[in-house]
Amino acid sequence: MEKKEIVEAEGEPVPVLPPPPTLNIGIAINGNRKSKYVVKWALEKFITEENVMFKLLHVRAKITTVPTPMGNFIPISQVRNDVAAAYKKEVEWQTNEMLLPYKKMCAQRKGQVDVIVIESNDVANAIAEEVTKSTITKLVIGATSRGMFTRKLKKNNLSSRISVCTPSFCTVYAVSKGQLSSIRPSDSETNVSTKDDSSETSVSCKSSSSYTFSSETELGSVASYATFHSPSLPVQRFQALSTINQTFLHSSTSSLEINQSRSLESTQSRSPDINHSRCHSLDIVAGKDDMSTCRSSSETRQAVSRSSSCRSLPTDQQSVLSDQISTSDVLTDNSFSEHQVYVNFELEKLRTELRHVQGMYAIAQSETIDASRKLNALRKHRLEEAMKFKEISFKEEKAEELARQEKEKYEAARREVEHVKECADREASQRREAEMKAFHDAKEKEKLENVLIGSVQQYQKFTWEEIVSATSSFSEDLKVGMGAYGTVYKCMLHHTAVAVKVLRSKENSRTKQFQQELEILSKIRHPHLLLLLGACPEFPDHGCLVYEYMENGSLEERLLRKNNTPPIPWFERYRIAWEVASALNFLHNSKPEPIIHRDLKPANILLDRNFVSKIGDVGLSMMLNADPLSSSTMYRDTGPVGTLCYIDPEYQRTGLISPKSDVYAFGMVILQLLTAKPAIALTHVVETAIDDGNLPGILDSEAGPWPVEETRELAILGLSCAELRRKDRPGLKDQVLPVLERMKEVADRARISISKVQSAPPNHFICPILKDVMDDPCVAADGYTYDRKAIEKWLDGNDKSPMTNLPLLNKNLLPNYNLLSAIVEWKSRKQ
């Protein structure tokens, strides 16, 4: 055989070998539990080869009927199209679910897989057509297992029919229980050639035939190493005898060579009637008769000799060969008759059948012995299990007895525990009653102590949902102003008009300001400090404070006459100056630590309906630590905070703050009360007017006729409070308040002289229960204001509101200091 070499020339590309063709391997699956063995065997056998495509073949019967709930079947032509389509989809889904595990097995071994579902009633022909269509060269099918006594070939089983129908170019592998049972080779694997090394004549013959195999054969299962089955013993016998018969018929007219040739032709003419074909060549050289049988490969004889189930085959072959040689001698000598040949044929047939029967009997006897041994073992095992069952039954009875005893003990212990628990519950109930009584007595004692020492009530807590609902989700229509750190809304909470202040930022500084303002206002009470009604402490990020609502807005708005509001009379301005000074003095002398407002200005001074002033926006207030060893003036380092024109110049320059810082801002407020002018350069304007004797020219003429001397004294006091140096400012308690008290007396006399005597008190001074002027007004949970004694007497026997007749949420009473101040003032005027 010539060898070809590919030499790479300079500049020429190296030829590239084409990719190997795809090897299509079909695996027939019927969906039972044995199919997994077939798929597993095919994967282990062919997964190592390159470019392999596994095709899972499943034949499904054609859908001709549709089942009914009663168990009957209706022809598919008699049902509606949608019902038939739904049933077909269900069958397809069930088929896909059945094939999914096999597809996963191929995917786990990293093999290419293609699932092909064929709808046909003829399984064998359907698989054969798909093999031809998809060019499947190897087909793996399942084979039925052999029984204990079944040794005859079943030609009508499914695996045999598939093997017969499969095209000859495809090799069929029959697998049973994960082991190769039989092989039907393709036509490319059955080429047979025979060659004599010393003879001059050789005959080469090729035959392609289809082999139908089953897991149950006449000679037993073939070993897994065999490439294909060798002809069975009766076939060999028939071939030999056919040669003898043909030679005997032509012995008188032809030579030995012609007889041999015709014998070969006769054998070939008879071979198609047999399942396994063979080509025989008879060569006679130098007077010697040799008979050889052509095989499909040189290893066939070795494979057959290794088969454990065909141990008697060599003896049969030797017998046949000896018969053939003797027959040749007879033909040569013409000493045997046709009758003798027939007798020999029948004898050989009987001997062969006897050997097979003896072999089957030996196998059956061996299996019977094994079955008897297994039966004895099962009986012994059953006896052992019966003994174990008796032992377990005895132990179970003993365990039941122990369980009964334990149950009795448990019941006794449970009764004892219940008795002890009842005693403990009784004692705990008595102890709780005693504790509740002691707690109630302590609360009553604490209330009495609070009344005696004048303790103020803490603020009321509101939820964020209540705030949002009251302000209509912070509607712009309810907005009444903007504070230093938030927006102020007017709304109704518990039937009371309130002002809700909401911080506009969630920064830490805003949260700190909210907490500081809440802490200060919840601890202090003064008639001229804005009253804190409640807060929303659960949501500090939202920063919500609830104040009493001041009808006349801020002092700045009234001085500038915003929205054409009427001017404030001069005597009311005198009184407002005194009220602000008294509130500042209260803050500066609070215990245990003084409080500095730091942002006093007309915008933070609010007026109620009677023009009673109250200081608000204490968010920038701070508490100073008093040092008993230092002087009366206290300082603290801090960053400048407040509003320009009202900040202490020394505080702005040095960062040192003291109560005199609020005195500076108060001096600017006094000057604005007199002039109603902006604070920018106001001290220079007033000082120049006093020096020029033109003070009446800068006063607010809409406030009425100002008293000259008192007004001049008040202007000088304002200038002294607004001195640039802290040490030049007067003390609030010792110097400022005495002057303002004299001014207030002058203002009161003027108010009395020009005011009309009121014939009846205002309606909001009247208690709804007493129908008289209230002495100590308090706000109840229904939002209405009552006299304290009257509402407390009402709440002793009632849980409902005197006004709305609705249940009260609680019985807490909130003092209305604003209304109390107005009542006191009204009574003083009446006198």
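Predicted model: local features only at pLDDT ≥ 70, side-chain atom pairs only at ≥ 80, totals over all residues.
Close-up 1. Is K36 buried, partly exposed or exposed? K36 is partly exposed, because its relative accessible area is 42%, between the 20% and 50% cut-offs. K36 also belongs to a surface patch of positive charge.

**Close-up 2. The open six-stranded sheet.** Six strands make up an open sheet. Their order is β11-β15-β16-β14-β13-β12. The pairing is mixed. Two strands stand at the edges: β11 (460–461) and β12 (479–482). Each of these has a single partner strand, so one side of each lacks a neighbour in the sheet. In a regular strand, side chains alternate between the two faces of the sheet.

**Close-up 3. Strand β15 and its two partners.** Strand β15 spans residues 532–535. Strand β16 spans residues 544–548. The two run antiparallel and are joined by three bridges. Which residue of β16 is the bridge partner of A535? That partner is L545. G534 stands opposite V546 of β16. Strand β11 also pairs with β15, but in the parallel sense. Two bridges connect β11 and β15. Here K461 stands opposite A535 of β15.

**Close-up 4. E723 and a negative surface patch.** Four residues gather in a patch of negative charge on the surface: E687, D691, D692 and E723. Where is E723 found? E723 sits in the loop between α18 (708–721) and α19 (732–754). E723 counts as partly exposed, because its relative accessibility is 33%. Membership of such a patch calls for over 30% relative accessible area.

**Close-up 5. N610 in a loop between two strands.** N610 is placed in the loop between β18 (605–607) and β19 (613–615). N610 counts as partly exposed, because its relative accessible area is 28%. How far apart are the C-alpha atoms of N610 and N552? They are separated by 8.3 Å. Along the chain, N610 and N552 are 58 residues apart.

Terms used: Residues numbered from 1 in each chain as written. Heavy atoms only, no water. Patch = residues over 30% accessible without salt bridge, like charges linked within 9 Å, V, L, I, M, F, W, Y side chains within 5 Å. Areas by Shrake-Rupley, 256 points an atom, 1.4 Å probe, with all protein chains shown as cover. Salt bridge = Lys/Arg side-chain N within 4 Å of Asp/Glu carboxyl O. Lys, Arg positive; Asp, Glu negative; His and termini not counted. Charge placed at Lys NZ, Arg CZ, Asp CG, Glu CD. Buried < 20%, exposed > 50% of the residue type's maximum accessible area, 1.4 Å probe, protein only. Pairing = 2+ DSSP bridges. Helix = DSSP H or I, 4+ residues; strand = E, 2+ residues; numbered from the N terminus.
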